[in-house]
Each structure stands twice: as C-alpha cells, then as structure tokens.
Amino acid sequence: MALNQALVGKAYPALRYEVGREKLREFAIAVGETDPIYHDEAAARAAGHPDLPAVPTFAVVLSLRAGQVVYGDPELGLDYSRVVHGEQEFVYHRPIRAGDRLLATGKVAAAQAKGRHELLTLETEVTTEDGEPVCLVRGTLLSRGTAPPREGRA
Amino acid sequence: MSPRVNLAEVRPGDTLPEVAETIERMDLVRYAGASGDFNPIHWNDEVAKAVGLPGVIAHGMYSMGVAARMVTGWVGDPAAIKRLRVRFSTMIEPGQTLTVKGEVAEVDGGRVLVRFHAEDEKGEKVLSKGEAELEL
C-alpha cells in the first residue's frame, strides 16, 4: 500500500521526555563512548557543561518514541516490516543534558516515490518545556516496493 | 568548553583519528536496550532470516553512534557539533569490524566541515556521505 501523501506536514502531539543521568550514561556505554564528560558530573562541569551532556546520537531515543506514534498512525499506511533506515541527520542548537525536560514533536516531513520504493522522512523537533530549541532529528526510511504503479506502466 | 583541536591548525585534508569497533551480538542487545529500538532483526536470527537477511544485523544507529565517537573524540566538546548526518548503505553483521574514517573537507572562519564514512572489513561502505558540521 502506498503512503498517504495527505499526511505530509502533519505534526503529532508532543511527547514529554525527562533526561536522566543514568540513561545518558547507559546510552554512552552502548555506543562505546568512554570520554569522562559523558559519565562523570565533575568531568562534565570541569569541561564547562552544566550537567552530563548526551552523546550526539542520543536524540534518536526521542525520535524513536515520536516515530512510534507517527508510524503507528493507520492513516499513514506504513508497513513497518518493509522499512529500512535510509538516512539520518541531526541539527543541534545545543547538546541534550541531564535534567532537561524536553518535548519531542514528530512530523511527517516528506513522502515520495523513488522507483518502486517510497521515501518517508520523519522530523522530530526537540525543545525544552520552556520552548528553548535543542535539536531537530530527521530520519528517512525506505519503504520497499510500496510505490504506486506509474501511469502508462503496469 | 574549549575544543580539543586547535582551529588555527585545522586544514582541509587533515584526517581524523580512525575509530574501529568489532561488533559483538552483545553490543546490539545493549544498544537495543539503551535506545529502545527492539526490532528483532537486530538480535533474533530466526526473525532476521525470515525477512531475507543472512542473520542479525547491527542497528544503523549503532554504527552512527560509533561513527560519532570519531567526531567527538577529535573535537572534544559536543556543543561544537552543529549538524551530523549519514546515509545507511550496507548492513553489517556481528563478528565484523566497523572502521570509521574522516577528513576535514572545508574550513570557513570558525566553521569546519568533516566528511566521513564507515566501512566493513571488505571496504564496503556501511555509512556513506557522512557529514559533521562543527563550530570551533
């Protein structure tokens, strides 16, 4: 089934996310990041950070949660078993930090056919609860073999 | 929050210290838990084979997380990273070593563009078109 183009531009309700130190440490360990600034508050403060910073790809945790809402929208018509991850981009205003109270708003940014496949771009805007911009997470999924047949071709 | 690299010495063509990681299945289980991405193709061979894969494959975002270490290790301060992007090109399986390579592509005032990729042991690009935009 082809993706529903009418949902391009649709923003979903914001999700709340409270950033804990242990979660940031757990994620840093999971990607093999050993720099003390990601694990030790004193090292983080000595380097000028108000608290433990997140490693750059941590924001994907928020985008995964926002994505579950978007991809689960029956109106979108996405079959997740056909999906592979195509591209990923992060645009940062500042690092995520322990103690941040964040809002993550998912949006269908684009849905377009590419040959027999479709590309679906999800943008997740991350801000603090006070509205301070933190980062934008842009993930593009490839939906295999779901493009509608083109006119004049079988 | 001073960066580890000295901007005055950064030149296009400078290479970043490589990062190499041999991926174990345990790494993928740990990444699944830490990230919340529990797609079974990353930890269950039966499910992976049922969808046509040779066996479990690494999360693309695990590889990107490893690749980001090359940039953070070089620049020091994560606040210097303004943009990070990759394309996922080839899958990589546990038992393989992922090697991340990058170089400075542009220097414009305090802005530095690093281009990078990550490859498997055969030299196939797992991550391609990697870009990190930094402000030093």
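Which side chains along strand β1 (residues 19–22) of chain B point to one face and are buried, and which point to the other? I started my notes with that. The model is predicted.

**Entry 1: strand β1 of chain B**

I went through the strand residue by residue. Val19(B) and Glu21(B) share one face, and both are buried.

β1(B) is joined by four bridges to strand β3 (residues 97–108) of chain B. The two strands run antiparallel. I picked out one facing pair: Thr22(B) stands opposite Thr97(B).

**Entry 2: chain A as a whole**

I turned to chain A and listed its elements. I found three helices and five strands. Their order along the sequence is β-α-α-α-β-β-β-β. The C-alpha trace spans about 65 × 30 × 20 Å along its principal axes.

I then looked up burial. Of the 154 residues in chain A, 38% are buried. I also checked contacts in chain A with a separation of 6 or more. Residues 24 or more positions apart account for 74% of them.

**Entry 3: where the chains meet**

I looked up how many residues each chain gives to the contact. Chain B gives 29 and chain A gives 28. On the chain B side, α1, α3 (60–75) and β2 (81–88) each give two or more residues. α3(B) has the largest share, with nine residues. By class, I noted 15 nonpolar, five polar and nine charged residues on that side of chain B.

**Entry 4: strands across the contact**

I followed β2(B) over to chain A. Five bridges join β2(B) to strand β2 (residues 83–92) of chain A. These strands run antiparallel. Here Glu87(A) stands opposite Arg87(B).

**Entry 5: helices across the contact**

Last, I looked at the α1 helices. Helix α1 (residues 21–30) of chain A packs against helix α1 (residues 25–35) of chain B at an angle of about 150°. Their axes are 9 Å apart. Angles over 145 degrees count as roughly antiparallel, so that is how I describe α1(A) and α1(B). The crossing of α1(A) past α1(B) is left-handed.

I wrote down who meets whom. From α1(A) come Glu26(A), Phe27(A) and Ala30(A). From α1(B) come Arg30(B), Tyr31(B), Ala34(B) and Ser35(B). I sorted the residues of this contact into four nonpolar, one polar and two charged.

Key: Residues numbered from 1 in each chain as written. Chains lettered and ligands numbered in written order. Predicted model: local features only at pLDDT ≥ 70, side-chain atom pairs only at ≥ 80, totals over all residues. Axes fitted to C-alpha atoms, helices over the stretch in contact; angles between N-to-C directions. Parallel < 35°, antiparallel > 145°, perpendicular 65-115°, else oblique. Left-handed = near helix turned anticlockwise from the far one by under 90°. Contact = placed C-beta atoms within 7 Å. Nonpolar A, V, L, I, M, F, W, Y, C, P; charged D, E, K, R; others polar. Buried ≥ 20, exposed ≤ 12 C-beta atoms within 10 Å, placed from the backbone. Pairing = 2+ DSSP bridges.
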